[in-house]
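Trainee: Could you show me how to read a model like this one, feature by feature?

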Amino acid sequence: GFGRTGDARSVAATLAEMRASGVPPDLITCNAAIDAYARAGAVSQAEALLRSMEGTAQKEHALDAAGAAADVTLLPKPNGRTYNTMLKAYALAGDLENAE
């Protein structure tokens, strides 16, 4: 996979391609992406994806200026595995402060 080869750009490109094709990433895909970012040493990208997942509840209620539902790609809400994978990202990066 992309994480084993250290290819964080391909992870981001795959997620973007899925969204552009109208296929929102599911929880398994997002967790795999965070893991791939972790293995590639791209902790900031893993954090950004996690923050986007955590913001899903706010996006569900997003409205555009006309009051219609905004066109947002909803991501699944993170679960325990998501957070454990993020802890792994911090540990692999030697960032024990954020791992706490």
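**Reading the model**

Mentor: Buried means under 20% relative accessible area, exposed over 50%, and partly exposed in between (1.4 Å probe, protein chains only). Before we go on, remember that this is a predicted model, in which local features need pLDDT of at least 70 and side-chain atom pairs count only at pLDDT 80 or more, while totals for chains, interfaces and linings use all residues. Residues are numbered from 1 along each chain as its sequence is written, and side-chain values use heavy atoms, with hydrogens and water left out.

Trainee: What is the average pLDDT of the chain, and which element has the lowest mean?

Mentor: pLDDT is the predictor's confidence in each residue, from 0 to 100. Here the chain averages 82, and 78% of the residues score at least 70. Helix H4 (residues 56-60) has the lowest mean among the elements, 55, whereas helix H5 (residues 80-92) has the highest, 95. Where pLDDT is low, the predicted coordinates should not be read in detail.

Trainee: How many helices and strands are there in the chain?

Mentor: Helices (H or I, at least four residues) and strands (E, at least two) are DSSP runs, numbered from the N terminus. This chain has 6 helices and 0 strands. Of its 100 residues, 31% count as buried.

Trainee: How far does H1 reach from its first C-alpha to its last?

Mentor: Compare the span with what is expected: 1.5 Å times one less than the number of residues. H1, with 13 residues, reaches 19 Å, close to the expected 18 Å. Its buried residues are Ala8, Val11, Leu15 and Met18. They fall within an arc of 90 degrees seen down the axis, so they line one face of H1. That arc is taken from the directions from the helix axis to the C-beta atoms. Arg9, Glu17 and Ala20 are exposed on the face turned away from the buried side. Just after H1, glycine 22 takes a positive phi of about 80 degrees.

Trainee: Which residues of H3 are buried, and which are exposed on the other side?

Mentor: In H3 (residues 43-54), the buried ones are Val43, Ala46, Glu47, Leu49, Leu50 and Met53. Their arc around the axis is only 165 degrees, which puts them on the same side of H3. Ser44 and Arg51 are exposed on the other side. As for H2, its 14 residues should span 20 Å, and its end C-alpha atoms are 20 Å apart, which agrees.

Trainee: Which residues touch the most other members of the largest nonpolar core?

Mentor: In soluble globular proteins, nonpolar side chains tend to be buried together. A nonpolar core is a set of buried Ala, Val, Leu, Ile, Met, Phe, Trp, Tyr and Cys residues joined through side-chain atoms within 4.5 Å. The largest one here has 19 residues, and Val11, Leu15, Ile34, Tyr37, Leu49, Met53 and Met86 touch the most other members. H1, H2, H3 and H5 each give two or more residues to this core, with H2 providing the largest share, 6 residues. Look at tyrosine 37: apart from neighbours within four places in sequence, its contacts (heavy atoms within 4.5 Å) include Ala8, Val11, Leu15, Val43 and Leu49. The cover over the buried residues of H2 includes H1, H3 and H5.

Trainee: How many salt bridges are found in the whole structure?

Mentor: Side chains of opposite charge can pair when their charged atoms come close. The criterion is a side-chain nitrogen of Lys or Arg within 4 Å of a carboxyl oxygen of Asp or Glu. The search finds 2. One joins aspartate 35 to arginine 39 at 2.8 Å, N to O. These two residues lie 4 apart in H2, about one helical turn. Lysine 88 also bridges to aspartate 35, with the closest N and O atoms 2.6 Å apart. That pair links distant parts of the chain, as lysine 88 sits in H5 and aspartate 35 in H2, 53 residues apart. Lysine 88 is partly exposed at 29%, while Asp35 is buried. Together, Asp35, Arg39 and Lys88 form a network of salt bridges.

Trainee: Where is aspartate 95 placed?

Mentor: Aspartate 95 lies in the loop between H5 and helix H6 (96-99). With a relative accessible area of 24%, aspartate 95 is partly exposed.
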